[in-house]
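Work through the following exercises with the sequence and the structure in view, and try each task before reading its solution.

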Amino acid sequence: MATKHVQYQTQGTCSQLIDVTCDENDVIKQVFFLGGCNGNLQGISQLVRGQKIDDVIKRLDGIRCGVKRTSCPDQLCRALEQLKQAPLENA
C-alpha cells in the first residue's frame, strides 16, 4: 500500500512538530505530536486516525488556543494540507 508522510514544524503552539501519515486514499493512518499537552494530543491523534484528511480539516480548521491565533488542532490542519500535496511512497 502506498502512503504519504510529512513532518510539519508548528508555529505559535506548545507542540513543535507534527508527524503524520496517510494512505493513497487520503485516510489518516497515524499522527504524532512532539511537545504540547500530551494527553490532549494523544486523544486528537486517536480521534483523527481512520478519518479522511478533508473531513478533519473541516472540523478543526481555525480552532484557537486562548488568545493565540492558532492551536495544535489548527496546526494539524496545516500539516494535513501539506500531506495532501506530498508524493506517494511505496510501503
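**Exercise 1. The whole chain**

How many Å² does the accessible surface of the protein chain come to, and what percentage of that surface belongs to carbon and sulfur atoms? Then describe the overall build of the chain.

Solution. Keep in mind from the start that this is a predicted model. The accessible surface of the protein chain comes to about 5,400 Å², and carbon and sulfur atoms hold 49% of that surface. Turning to the elements, the chain contains three helices and four strands, and their order along the sequence gives the pattern β-β-β-α-α-α-β. For the dimensions, the C-alpha atoms fill a box of roughly 40 × 25 × 20 Å along the principal axes. A compact globule of 91 residues would have a radius of gyration near 12 Å, and the value for this chain, 12 Å, agrees with that expectation. Finally, 43% of the 91 residues are buried, and among the contacts with a separation of 6 or more, 45% join residues 24 or more positions apart.

**Exercise 2. The two sides of a helix**

Which residues of H2 are buried, and which residues on the other side of H2 are exposed? Explain the arrangement.

Solution. Begin with the buried residues of H2, which are Ile53, Val56, Ile57 and Leu60. These residues lie on the same side of H2, because they cover an arc of only 100° around its axis. The spacing can be understood from a general rule: an α-helix has 3.6 residues a turn, so residues three or four places apart point the same way. Next, look at the other side of H2, where Lys58 and Arg59 are exposed. Then ask what the buried residues of H2 pack against. Their partners are strand E2 (15-23), strand E3 (28-35), helix H1 (38-48) and helix H3. After the helix comes Gly62, which has a positive phi near 90°.

**Exercise 3. A threonine in a loop**

Where is Thr70 found, and is Thr70 buried or exposed? Identify its contacts as well.

Solution. First locate Thr70 in the loop that runs between helix H2 (53-60) and helix H3 (72-85). Next consider its relative accessible area, which is 9%; since buried means under 20%, Thr70 counts as buried. Then examine its surroundings: leaving aside residues up to four places away in sequence, Thr70 touches Gln11, Gly12, Thr13, Ile63, Arg64, Cys65 and Gln75. With one of these residues, Gln75, there is also a polar contact between the two side chains, at 3.0 Å.

Conventions
Residues are numbered from 1 along each chain as its sequence is written. This is a predicted model: local features need pLDDT of at least 70, side-chain atom pairs count only at pLDDT 80 or more; totals for chains, interfaces and linings use all residues. Side-chain values use heavy atoms; hydrogens and water are left out. Buried means under 20% relative accessible area, exposed over 50%, partly exposed in between (1.4 Å probe, protein chains only). A polar contact is a pair of N or O atoms within 3.5 Å; within protein, one must be able to donate a hydrogen and the other to accept it, and residues adjacent in sequence count only if both atoms are side-chain atoms. Contact means heavy atoms within 4.5 Å. The arc is that of the directions from the helix axis to the C-beta atoms. The radius of gyration is taken over C-alpha atoms; the globule rule is 2.2 Å times the number of residues to the power 0.38. Accessible areas come from the Shrake-Rupley method with a 1.4 Å probe; for residues, only the protein chains shown count as cover.
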